[in-house]
Amino acid sequence: MTNAPMYLINNVDRIRNIEQQAFSWSKAYNVQENHTYSEHGRQAMSELQKKFNGSLKRDEVIDLFRSPETYYLGFLASNVWGGISVPNGHFRSALTYEKQIVENIIKSINDAFATNSKEEIRNIYLSLYGGKNHIRGIGPSYFTKLFFFIGQANDEIMLKPLIFDKWTQNAFFALLSQIKEYDLLSQFFNQKVNLKHSRRLNRNICTISLRGNKNNQFEAYWKFINLLNEWAKILNVPVSKIEEFVFGIALNQCPSLTNPRVELSDIIIDYIESKNNI
């Protein structure tokens with residue numbers, strides 16, 4: 001069993017006591033504001049608006065995946081919750097898919113993760129990543145959100161899938177550096193750091209990206225969910241809370257040095273600087 005990173009050990013109380021954020025969605029999603037939705041998309045989004053009145057929490061999205069009757073609403077909610085882009089057409093493209101097609105994809109994801117088989121999970125991952133189950137506008141950052149919500153709703157799924165977007169990928173790099181998994185860092189990540197200066201914080205915030213090969217990206221995802229599930233057992237906390245904690249808070253909402261996005265960025269910068277000085 002791999003030792004948990006010190007960042008998680010030192011913050012276990014914060015992880016345990018984290019409170020779910022409510023995400024208020026942009027008016028751009030509302031049917032009154034958007035005249036480009038398909039007819040069935042307009043109907044579904046109207047239902048979502050009425051049900052949640054423009055604000056979503058993780059648990060509310062999870063509940064939509066507990067019954068096949070609300071799978072399609074869950075699909076829409078997971079994308080709205082994640083802030084999928086409306087102006088560039090990603091969400092509009094996703095809304096062109098018929099309800100039955102989306103429901104069948106969700107069932108396939110459920111079935112794959114319920115096997116707890118790496119091969120089955122690889123197959124469903126790659127099928128969504130440009131394969132037979134690909135949904136236009138939905139890349140890994142968004143279909144892993146689907147994985148997360150489906151996994152939380154299904155008690156038969158023992159290895160809980162997690163969201164793997166730019167912020168949790170950043171966190172994964174930082175955490176791997178703390179447990180000195182240097183080979184994995186080289187295998188999974190480009191070593192070029194993207195720096196953006198924050199005036200409010202008076203410091204640089206960095207992001208680091210995965211290597212482009214989709215098979216390698218799956219291996220990174222597989223390692224990510226296995227290690228976080230393992231660390232959750234060590235720390236005796238739900239793995240969903242670890243993921244939510246390291247995901248952090250948008251910097252425009254929480255420009256604080258204690259925001260995990262800032263703390264994990266600092267860990268990456270320290271690691272890169274120490275490596276350059278060797």
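Helices (H or I, at least four residues) and strands (E, at least two) are DSSP runs, numbered from the N terminus. The model described here is predicted, so local features need pLDDT of at least 70 and side-chain atom pairs count only at pLDDT 80 or more, while totals for chains, interfaces and linings use all residues. Residues are numbered from 1 along each chain as its sequence is written, and side-chain values use heavy atoms, with hydrogens and water left out.

**Pockets**

A pocket is, on a 1 Å grid over the protein atoms alone, an open set of points where a 1.4 Å probe fits, with protein on both sides within 12 Å along at least five of seven lines, and its lining residues have an atom within 4 Å of a point. Residues are sorted into nonpolar (Ala, Val, Leu, Ile, Met, Phe, Trp, Tyr, Cys and Pro), charged (Asp, Glu, Lys and Arg) and polar (the others, Gly among them).

| Pocket | Volume | Lining by class |
|---|---|---|
| Largest pocket | about 650 Å³ | 15 nonpolar, nine polar, four charged |
| Second largest pocket | about 290 Å³ | seven nonpolar, five polar, four charged |

The largest pocket is lined by 28 residues, and those nearest its centre are Phe23, Trp81, Gly82, Gly83 and Ala250. At least two lining residues come from each of β1 (23–24), α5, α9 and α10 (166–178), and α9 gives the largest share, three residues.

The second largest pocket has 16 lining residues, of which Lys196, His197, Ser198, Ile205 and Leu251 are the closest to its centre. Here α10, β3 (194–198) and β4 (203–207) each supply at least two residues of the lining, and β3 gives the most, with five residues.

**Helix packing**

Helix α7 (residues 99–114) packs against helix α9 (residues 140–153) at an angle of about 65 degrees, with the axes 10 Å apart; axes are lines fitted to C-alpha atoms over the stretch in contact, and angles run from 0 to 180 degrees between N-to-C directions. The two helices α7 and α9 are therefore roughly perpendicular, a term that covers angles of 65 to 115 degrees. Their contact (heavy atoms within 4.5 Å) joins Ile106, Ile109, Asn110 and Phe113 of α7 to Leu146, Phe147 and Ile150 of α9, and the residues of this contact divide into six nonpolar, one polar and no charged.

Helix α3 (residues 39–52) and helix α5 (residues 71–81) have axes that come within 10 Å and cross at roughly 75 degrees, which makes α3 roughly perpendicular to α5. In this pair His40, Ala44, Met45, Glu47 and Leu48 of α3 meet Tyr72, Leu73, Leu76, Ala77 and Val80 of α5, a contact with eight nonpolar residues, one polar and one charged.

Terms used
Angles under 35 degrees count as roughly parallel, over 145 as roughly antiparallel, 65 to 115 as roughly perpendicular and the rest as oblique. Grid points are joined across faces, edges and corners, and a volume is the space filled by probe spheres set on the points.
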